[in-house]
Amino acid sequence: MYAQAASTLTTVRDLLRFAVSRFNEAGLTYGHGSDNAYDEAVYLILATLKLPIDQLEPYLDARLLEVEIKDVLDVIERRAVERIPAAYLTHEAWQGEFSFYVDERVIVPRSFIYELLGEPLAPWIEHNELVHRVLDLCTGSGCLAIQLAHHYPDAKVDAVDISLDALEVAGINVQGYGLEDRVNLIHTDLFEGLEDTYDLIISNPPYVDAESVDELPEEYLHEPELALGSGLDGLDATRVILEKAADFLNPKGVLLVEIGHNREVLEAAFPTLPFVWLDTSGGDGFVFLLTREDLVAMRGE
């Protein structure tokens, strides 16, 4: 079919129709940037042709070179047959207005935390200029660390990950944004070996429970398993963060953690903690906030 398409299709419009048909036929799973076959096809075609990804209309009836058609069909086939997430095919992922390099060494950026940085934290952090030290646990591609540096211009950011592969990708992004002097990449397991204290700690840790890991669609299995699963109930990493974060927060410091669909399990496990669940585009059950004082009280200090 793809060989026939290469000899028959001539325009962007032709390739778009073909891609949507193949994606629907394959029953793809979305969630790494788009949520439907049409948007996914538009993005992959424009990105492959090095065209602006927000300007489809001017190019719909453009006739393509043979090599361009081949390149686009190769990407369509890999997405439909191998079910590789689009971001890994283009080596690009967007989080808000920020673009990041990604490959199979890191999960595709999609954290809700970026929506909460800056103004949404004003009830707890009155002035962004008061944030001088920030910690990003499980930084992955470095996307949140870079966005932290943007929102808190006076802050130094420590970005931690257990994966050296992930830190190599984060290094590409930190260098791409010219933040080598402000974002410090650290290879360690959560808080292990850290000595500084912070005004703000954020984390989008692994949080998929074991049962859900076993049922993940094929697209998600291209991502590093280390960055997805976290024990039987998905909260192994989060428990460590809650137990140790107070030791690394300054007075009135803030902890922000994303935990996926685990709100009920988390609240049952820590019934005395006054979790503040923040509104995001996905709802109010995915990211919680606690202060250092909340965490100290939990320990009875």
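A: Helices (H or I, at least four residues) and strands (E, at least two) are DSSP runs, numbered from the N terminus. You're looking at a predicted model, where local features need pLDDT of at least 70, side-chain atom pairs count only at pLDDT 80 or more, and totals for chains, interfaces and linings use all residues. Residues are numbered from 1 along each chain as its sequence is written, and side-chain values use heavy atoms, with hydrogens and water left out.

Q: What is a pocket, and what volume does the largest pocket have?
A: On a 1 Å grid over the protein atoms alone, a pocket is an open set of points where a 1.4 Å probe fits, with protein on both sides within 12 Å along at least five of seven lines; lining residues have an atom within 4 Å of a point. Points are joined across faces, edges and corners, and the volume is the space filled by probe spheres set on them. Here the largest pocket comes to about 1,100 Å³. It has 44 lining residues, and Gly-31, His-32, Pro-109, Arg-110 and Tyr-220 are the closest to its centre.

Q: Which elements give two or more residues to that lining?
A: Look for helix H3 (37-48), helix H5 (86-90) and strand S1 (93-95). H3 gives the most, with four residues. By type, the lining splits into 22 nonpolar, 13 polar and nine charged residues. (Nonpolar covers Ala, Val, Leu, Ile, Met, Phe, Trp, Tyr, Cys and Pro; charged covers Asp, Glu, Lys and Arg; the others, Gly among them, are polar.)

Q: How many salt bridges does the structure hold?
A: Side chains of opposite charge can pair when their charged atoms come close. A salt bridge needs a side-chain nitrogen of Lys or Arg within 4 Å of a carboxyl oxygen of Asp or Glu. The structure holds 15 of them.

Q: Where do Asp-158 and Arg-133 lie?
A: These two form a salt bridge with their closest N and O atoms 2.9 Å apart. Asp-158 is in strand S4 (residues 156-161) and Arg-133 in strand S3 (residues 133-137), so the pair ties together parts 25 residues apart in sequence.

Q: Is Asp-158 buried or exposed?
A: Buried means under 20% relative accessible area, exposed over 50%, and partly exposed in between (1.4 Å probe, protein chains only). Asp-158 is buried, at 4%, while Arg-133 is partly exposed, at 24%.

Q: In what order do the seven strands form the sheet?
A: Strands of a sheet pair through backbone hydrogen bonds, either parallel or antiparallel. Two strands pair if DSSP finds at least two bridges between them. This open sheet runs S5-S4-S3-S6-S7-S9-S8, with mixed pairing. Strand S5 (183-187) and strand S8 (276-277) are at the edges with a single partner each, so one side of each has no neighbour in the sheet. S4 and S5 run parallel, joined by five bridges, and Asp-158 stands opposite Asn-184 in S5.

Q: What is a nonpolar core, and how many residues does the largest one have?
A: A nonpolar core is a set of buried Ala, Val, Leu, Ile, Met, Phe, Trp, Tyr and Cys residues joined through side-chain atoms within 4.5 Å. The largest has 41 residues, and Leu-15, Leu-16, Phe-23, Ile-45, Leu-73 and Ile-76 have the most contacts inside it. H3 supplies the largest share of this core, eight residues.
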